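Biologist: Hi! Could we chat through this model together?
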Amino acid sequence: MASRGTRRRRVVRALSAVLAVLAVVAAGLAGLVIRQNTYDLREEAVTVHRGERTLDGVLATPPTGEGPFPLVVLVHGDGPVDATHDTFYRPLWEAFARAGYASLSWNKPGVDGSPGDWLDQSMDDRAAEAADAIAWARTRPDVDGDRIGLWGASQAGWVLPGIVARDPGVRFVIAVSPAVDWRRQGRYNLLAELRRDGASEDEVAAALRRRETVLELLERGAPYEEYVRAVEDPRGMTERRWRFVSRNHTADATAALPALRGLPVLLVLAGHDVNVDVTETEAVYRRLLPAPGLRVAHYPDATHALVRHAVERSSLRLTLTAVCAPRALFAEGFLADQREFLASL
């Protein structure tokens, strides 16, 4: 029979072996994560100065060559988005770079120390901001000023036509899950989320009544205090957000979309979009932007953000994928299709 000291040494040796294996595995996983978060492109922090406007951003270019490169200008959706969209944009920039394109993105005003407040902006303000960024980009020797186009998601649906109207030199548009009419989208989003969450008929009816109250307040420009008294529970609607909604709740891209006629337009739609009514959006785009300029790409397994549905519905899986394999966040074929669209131009 082994002595107690012998058994202890065996246990220590076994634990040491296990720890060594775990260390090797951890090192391998760390290396994998680093590789998965390393992108085949160059990034430069830039500051856009145009008149009184200052924008802090990133210019991402292909990994080799001095250019001038054609350029994709990214137009954010809703929320306090920084230039990388918390790194969410980097797989897109890489896809663009593989087609030979540079990418330009910037912090929304008030985000990451940038001056201003994005909640003080109208959609027209955002179009003017992007037009200034494009004018600045044309001064760069590494940018081909005659081959600049737009990529915009969600709320950018109200901004993209305004940019093209201001800058007829824009050469193409990629519209990802774009909004068309603020009020109709809001109703669609409300009902889609209620259905997803299994709301009862009474809960749906109550939500629609609340919505009508809010719309009536918006129509007559009611102050935030009156909104709070009317709905009792603001549900995250801050005073600043109320001012933003009051400024933009009549946004409707329908009248402005014809500005995109004659341009190559890629409309990207998701099968699990609870934010935007993709059926209505596709119908409006097809009616106002005739072929062959308009191309429509459907991703049945994607959510509003073009993330795979099975990934987004699990918080744990979403986090692990974002950290360990960020390119795998996106719906199958999406990144390749983005690259191929640009290459086809």
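Biologist: How do the lining residues of the largest cavity divide by class?
Modeller: They divide into 5 nonpolar, 2 polar and 3 charged residues. This is a predicted model, where local features need pLDDT of at least 70 and side-chain atom pairs pLDDT 80 or more, while totals for chains, interfaces and linings use all residues. Residues are numbered from 1 along each chain, and side-chain values use heavy atoms, without hydrogens or water.
Biologist: Which residues line the largest cavity?
Modeller: L74, V75, H76, W106, K108, Q121, R126, E129, A130 and V159 do. A cavity is a set of points on a 1 Å grid where a 1.4 Å probe fits but cannot get out, and lining residues have an atom within 4 Å of a point.
Biologist: Where does the largest share of that lining come from?
Modeller: From α3, with 3 residues. Both β3 (69-75) and α3 (123-137) supply at least two. Here helices are DSSP runs (H or I) of at least four residues and strands (E) of at least two.
Biologist: What is its volume?
Modeller: About 70 Å³, and the second largest cavity has about 50 Å³.
Biologist: New topic: is β6 buried or exposed?
Modeller: In β6 (residues 173-176), V173 and A175 on one side and I174 and V176 on the other are all buried, meaning under 20% relative accessible area with a 1.4 Å probe.
Biologist: Which strands pair with β6?
Modeller: β5 (residues 143-153) pairs with β6 in the parallel sense over 4 bridges, and β7 (residues 265-272) also pairs in the parallel sense with β6 over 4 bridges. Pairing needs at least two DSSP bridges.

Methods. Buried < 20%, exposed > 50% of the residue type's maximum accessible area, 1.4 Å probe, protein only. 1 Å grid on protein atoms, 1.4 Å probe; cavity = no way out; pocket = protein on both sides within 12 Å on 5 of 7 lines; lining within 4 Å. Points joined across faces, edges and corners; volume = space filled by probe spheres on them. Nonpolar A, V, L, I, M, F, W, Y, C, P; charged D, E, K, R; others polar.
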